[in-house]
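Let's walk through how two chains meet, one question at a time.

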Amino acid sequence: MKKQDSPVWVIAEQIDCQVLAVSFQLIGQARKLAAELGTCVEVVLLGDNISEQARQLIAAGADKVYLGNAPDLAFYQPEIYTEIIVKLAKERRPEIMLIGSTSAGTELAPLIAAGLETGLTAHCIDLLLDENKILISKIPAYGGLLSIICPEKRPQMATIATGVFTSPHPDESRTGEIVPLKVPAELPGRIQTLKVVREEPEGVPLESAPIVVAGGAGAGDRKGWGMIADLAQTLNAALGSTRPAVDEGWTELETMIGQSGKMVSPELYIGVGLSGELQHMVGIVGAKVMVAVNNDAKSQVFEQVDYGIVDDCREFVPVLIEKIKEYREKLVTC
Amino acid sequence: MLKIVVCVKAVPDPKEAHKIKIDPVTKTLMRSDVPLVLNLMDKNAMEAALQLKEQLDAHITVLSMGPPPAGNVVKECLALGADHGYLLTDQAFGGADAYATAYTLAQGIEKIGEYDVVLCGMASSDGSTEWVGPQIATVLKIPVVTRVKELVEYGGQWWQVKAGMENGYRLVRVKLPAVLTVSRELNTPRTLSFSGIIKARKKEITAWGINQLGLPEESVGQKGSPTIVSDLDSLTSRRTVEIISGTREEKAEQLVNKLADAGVI
Ligand SMILES: Cc1cc2nc3c(=O)[nH]c(=O)nc-3n(C[C@H](O)[C@H](O)[C@H](O)COP(=O)(O)OP(=O)(O)OC[C@H]3O[C@@H](n4cnc5c(N)ncnc54)[C@H](O)[C@@H]3O)c2cc1C
Ligand SMILES: Cc1cc2nc3c(=O)[nH]c(=O)nc-3n(C[C@H](O)[C@H](O)[C@H](O)COP(=O)(O)OP(=O)(O)OC[C@H]3O[C@@H](n4cnc5c(N)ncnc54)[C@H](O)[C@@H]3O)c2cc1C
């Protein structure tokens, strides 16, 4: 049996001193796992001027926060971040380590895992413990769900997207310990992030949009894609996509919904010219109403939505846009 | 001379990959004969290597780990303009997770010898973990930059690259030797030329197994993998659909009415 005091870890991430939503969500899930294991939740946070943020992590459920607070840690630096976390993990021997699958997390997680020579699972949509208290990562694949485990090596590591778990309600009365980390005075010198440049995204952000219109391979070409984008604009919706649409270059990776893309939970989801593959559909978490437009009546997408339109999207979408406009005009005149 | 190693993966053709399904009864994978093709983003890695070769004095080695048919994707890269190809293939390499894959590839790279830049795709189209590049770097003890979308400064000992991140990028300065994983935005891959295919006939592919790499069996393939697949579940549908019928206009109008009634538009 493993020692009971091996903690559950979350590697938190901040950008411009803001702790990301995914970090809080993972702390929420870590609490559940820790309760079942009879252990505590420890969080690592690296950045600059982030002492206040450590308290937020405690309010969210951390029992202990390891805080690396130094100008050199202000933004993600792969070499030094890896070094600090690997060293600490070798001392503290966490049972489980959870990391958000942001761009930085997706790079950092395999560096830490390889440094600790342990296993890592990707694209998890659920995390639970089996009867032997081994972590099971559920991963959508091949029209079903894979369970992946790391039976022997520790920690058991997983990366999880924003929105898979819900954020815990902060409890300001919770207490916890903040442990300052020593930051090496001499930074390893083979790689440096010189600056982080943020570009304002265009249009409605996917994650918080009340309406999402997603297009897939069925758009056929740029012109067909343009129609789907017009539908999104008409509804003031965020535009989402499947992987083939990104691969074709019709849209950017930022719009991809699904296990390796974004998680959305809109009131209304309209999927156009897409087949309802699980890897896409797991990205739609708790939509109130779902609609699919597909020219193949037998498509499995129709098993996963509330309303189905069997039609060629390139013919149907322009008509739908007109009907929506008519409906909107009627609203204004009444 | 700049020594470039490009890692390429043979993946089930994404256009047919949906044919691979889980048998709900036996809980095993039903593999239809889906052909193996060159992973999409590895074409961007190859293109980056070819452009570097056009601008600098460079030598391109292609490396893949996979079953014998994966040799075809190595051949494809030779036809695109790579100088030499290696295929790591052995029964013992089967069932590797990301770590065991990276470990084996890193051993191959060490055996190939000198290298300045190791190029990988950002992600494969099947496992899609994005971990092989970073973990190769860890085993080789060199730095890595992932999701590279632009080479800003290159040619010397220190390179500057843009690494894609949510709504923007990181400008990263990195010292060679290094691993770079490249995103689709980096370039537009060229297509195969007839003369390239002819020239590739003369280029050789070296195949190495576990003995040539001198590795213990516990360090590769399924045995060398910290993670294992413990279960497979098929899924059942979650919603009951109402198919809206009629003429195109009627369908659109009915749909708008239903969405309005539900209060979502
Ligand atoms: C590890 C892994 C991770 C992945 N992650 C993601 C992810 O995060 N997000 C994601 O989206 N995908 C992801 N994928 C890819 C995913 O498996 C599917 O390949 C993808 O979602 C399919 O996209 P699609 O439905 O647009 O294309 P297809 O499956 O090709 O479907 C196209 C559909 O359009 C219909 N159609 C064709 N023409 C028309 C027309 N004129 N009018 C109307 N309908 C038409 C067809 O009937 C078909 O149903 C991942 C795959 C793997 C292996
Ligand atoms: C559905 C599914 C889920 C999986 N989940 C996990 C998981 O959670 N954890 C885990 O450890 N493994 C997982 N695997 C296994 C993993 O995909 C394989 O081990 C694979 O060999 C390497 O990872 P990747 O395909 O994710 O590569 P990625 O890291 O996504 O590939 C990036 C780049 O690395 C290079 N590369 C990758 N593989 C090779 C190769 N064989 N030869 C040459 N270059 C290569 C290529 O340049 C490629 O573009 C999963 C596989 C599948 C099919």
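Here are some questions and answers on the contact between the chains.

This is a predicted model, where local features need pLDDT of at least 70, side-chain atom pairs count only at pLDDT 80 or more, and totals for chains, interfaces and linings use all residues. Residues are numbered from 1 along each chain as its sequence is written, chains are lettered from A in the order in which they are written, and side-chain values use heavy atoms, without hydrogens and water.

Q: How many residues does chain B bring to the contact with chain A?
A: Contact here means heavy atoms within 4.5 Å. Chain A supplies 85 residues, and chain B supplies 72 residues.

Q: What area is buried between chain A and chain B?
A: Buried area is the accessible area (1.4 Å probe) that two parts lose on being put together, summed over both. Carbon and sulfur atoms give 59% of it, and the total is about 7,000 Å².

Q: Which residue of chain A forms a salt bridge with Lys251(B)?
A: A salt bridge needs a side-chain nitrogen of Lys or Arg within 4 Å of a carboxyl oxygen of Asp or Glu. There are 7 salt bridges between chain A and chain B. For Lys251(B), the closest N and O atoms are 3.4 Å apart, and the partner is Asp311(A).
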